[in-house]
Amino acid sequence: MTKEVSESDAEQKLFGNLLDERLLHYRRTDTGERIATTLPELFVAMAQDHVRDFPAVRPHQRHPWHAFLVQLAAIALHRAERTEPFATATEWRAALLALTPDDPDGAAWCLVSPVNRPAFMQAAEPSGSIGSWKNCLVAADELDMLVTSKNHDLKAARMLCSTAEEWVYALLSLQTQEGFLGAGNYGASRMNGGFASRCGVGVHPNQRWGGRWLRDVAAVAGARDALVESFGFSKARGHTLVWLTSWDGNDSLSFSSLDPFYIEICRRVRCINAVDSIRAFVTGSKAPRIAAKELNGVTGDPWMPVDGSAAKALTIGGRGFDYKLAAELLLGSKFTKPIAQNWLPSDDTEGVYLLAQGVARGQGKTEGYHERRIPVSRTIRKAFLAQSTDELAKLSESRIAVIAEVRKMLWAALAVLFGNGAKDDSGKDKDASDAVKERASLFAQPFEAKCDAQFFSELIEEIEAADREAVRNQWLLTLAVRAEAVLQTAFTAGPRSGQLRYRAQSSALGRLHGLMRSDKSKLPALAQALKSKKQNSSTPSDKETHEHA
């Protein structure tokens with residue numbers, strides 16, 4: 001196939017024009033009906049908040065697709081000197097075509113075009129031939145950025161009959177959130193290095209794509225001058241659609257030559273038509289497309305939180321957006337809030353949440369797609385608008401500290417259980433071996449997982465309560481019951497013989513209760529709550545507390 005392409009690649013006809021062909025699909029918010037659409041028609045539907053979701057978009061492609069639609073609309077509206085979205089598909093088509101004046105036939109919006117001309121998310125090859133490009137990909141998911149260990153987690157190249165729409169999303173995913181993958185395979189500029197993540201964090205006003213798109217377009221467009229001033233972008237006529245500039249793989253674009261809303265590419269890719277199907281040829285480069293390594297991902301990305309002290313873009317690990325990181329993103333001060341996270345007076349008062357998305361990346365692999373919806377209550381919203389979240393942040397931080405301390409108590413009890421309740425000569429519990437410590441850590445995980453899942457609902461219950469102290473005390477009791485339930489579940493993995501089993505279980509329970517109730521407890525509030533519960537008959541029963549836990 002390589003030889004065939006090398007002889008005919010310059011003669012490739014235009015195929016898959018996003019401006020004129022209904023290659024994309026969305027589902028309507030009111031009926032769920034699946035609608036075929038062009039890109040201009042999609043923008044009209046988004047502006048009318050008719051788009052519920054995109055059935056062909058894979059989970060890890062959600063943020064790149066949303067970001068692309070927002071950035072593209074913001075670029076088009078700025079060039080047209082407008083602040084409001086266009087009302088018709090005809091107007092949108094003209095505005096998008098005006099962004100590619102050297103390709104009035106729409107080649108830059110086609111999946112396939114002659115290789116000496118740009119195609120959608122694909123830079124032109126200056127030589128006019130890709131005959132030397134040996135790597136041919138036959139499926140859209142083979143082009144996509146996901147890399148899984150030994151092909152176990154998610155099989156590659158499953159989508160052998162990929163549609164044009166699936167190639168669109170794969171191209172976007174690769175070109176805007178791919179990392180470093182060996183010599184010649186450079187990553188995107190909008191993240192902190194080749195093994196980092198392009199995260200997306202922003203306010204989501206409802207359950208629909210259209211409403212979020214409208215909100216973010218307005219927020220991003222309004223921040224243009226500030227982005228130019230803060231990051232040194234080109235004030236006028238900077239590179240917007242980076243794939244419009246031809247690339248032989250030897251040079252990089254300077255960051256100062258870019259538009260604030262630039263949509264980048266990071267790899268040399270060309271799609272071709274081959275026997276009624278699309279194929280993609282890829283090759284390496286000797287330099288990254290955008291020279292921005294020293295910026296550590298701090299590029300003005302509207303959805304990227306930035307670690308203020310380290311001056312680095314957020315990178316997530318295998319734990320994703322766990323409750324500690326999510327709480328910091330929502331209420332903390334460690335990260336500078338991105339444009340899309342800044343609260344607007346026009347945002348809804350009900351049903352709003354903070355949406356965090358990203359793919360965790362390791363060396364030569366990905367460690368999962370992570371997405372978390374963090375609910376935002378009325379009080380939290382008011383605090384955001386007043387830019388006064390310190391009190392709520394302290395509540396969150398104190399809860400995180402309490403969970404950590406209760407987990408330590410549980411771990412100590414688990415270590416006693418797996419140590420068979422053995423005592424030393426002085427009558428104290430024997431020091432745990434490395435194997436026991438490892439088992440204790442493993443069996444303590446369900447406790448923190450449960451706390452993670454319930455963290456924000458329980459935090460909001462305290463924030464919104466008239467009597468916060470009472471709610472906090474009830475929560476402490478819930479943690480105690482939750483920890484004991486995890487310990488009792490672990491009994492099945494403890495010693496089996498009758499004598500050892502009884503000794504280990506009773507010693508483990510005694511250790512947990514002792515740590516929680518002791519006058520010297522590191523959580524005196526928990527000790528007092530347990531004492532009051534025992535004395536006060538009006539406190540909810542154990543059964544009710546168990547059900548709550």
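## Helix H7

Let's start with helix H7, which is mostly covered in this predicted model. Of its 14 residues, 10 are buried.

Does the length of H7 agree with its residue count, or disagree? The helix runs over residues 209-222, and at 1.5 Å a residue its 14 residues should span 20 Å. The C-alpha atoms at its ends are 20 Å apart, so the two values agree.

## A three-stranded sheet

Next, look for an open sheet of three strands, in the order E3-E2-E4, with antiparallel pairing. Strand E3 (34-37) and strand E4 (51-53) stand at the edges; each has a single partner strand, so one side of each has no neighbour in the sheet. From one strand to the next, the twist averages 55°.

You can follow the pairing of E2 (residues 24-28) with E3, which is antiparallel and uses four bridges. A handy landmark here is Tyr 26, which stands opposite Ile 35 in E3. Helix H6 (residues 164-177) packs on this sheet and touches E2 and E3. The direction of H6 makes about 95° with that of E2.

## Where H2 meets H4

How do the axes of helix H2 and H4 cross? The axes of H2 (residues 39-47) and H4 come within 8 Å, and the crossing angle is roughly 125°. The two helices are therefore oblique to each other, and their crossing is right-handed.

To find the contact on screen, pick out Leu 39, Pro 40, Glu 41, Phe 43 and Val 44 on the H2 side. Their counterparts on H4 are Ala 89, Trp 92, Arg 93 and Leu 96.

## Two residues with positive phi

Two loop residues are worth a visit for their backbone angles. Glu 81 is not a glycine, but its phi is positive, near 55°. You will find Glu 81 in the loop between helix H3 (62-79) and helix H4 (89-97). Is Glu 81 buried or exposed? Its relative accessible area is 76%, and over 50% counts as exposed, so Glu 81 is exposed.

Ala 311 is also a residue other than glycine with a positive phi, here about 55°. Ala 311 sits in the loop between strand E14 (306-307) and strand E15 (312-313). With a relative accessible area of 42%, Ala 311 is partly exposed.

Technical notes
Residues numbered from 1 in each chain as written. Predicted model: local features only at pLDDT ≥ 70, side-chain atom pairs only at ≥ 80, totals over all residues. Heavy atoms only, no water. Expected span 1.5 Å × (residues − 1). Buried < 20%, exposed > 50% of the residue type's maximum accessible area, 1.4 Å probe, protein only. Pairing = 2+ DSSP bridges. Axes fitted to C-alpha atoms, helices over the stretch in contact; angles between N-to-C directions. Contact = heavy atoms within 4.5 Å. Parallel < 35°, antiparallel > 145°, perpendicular 65-115°, else oblique. Left-handed = near helix turned anticlockwise from the far one by under 90°.
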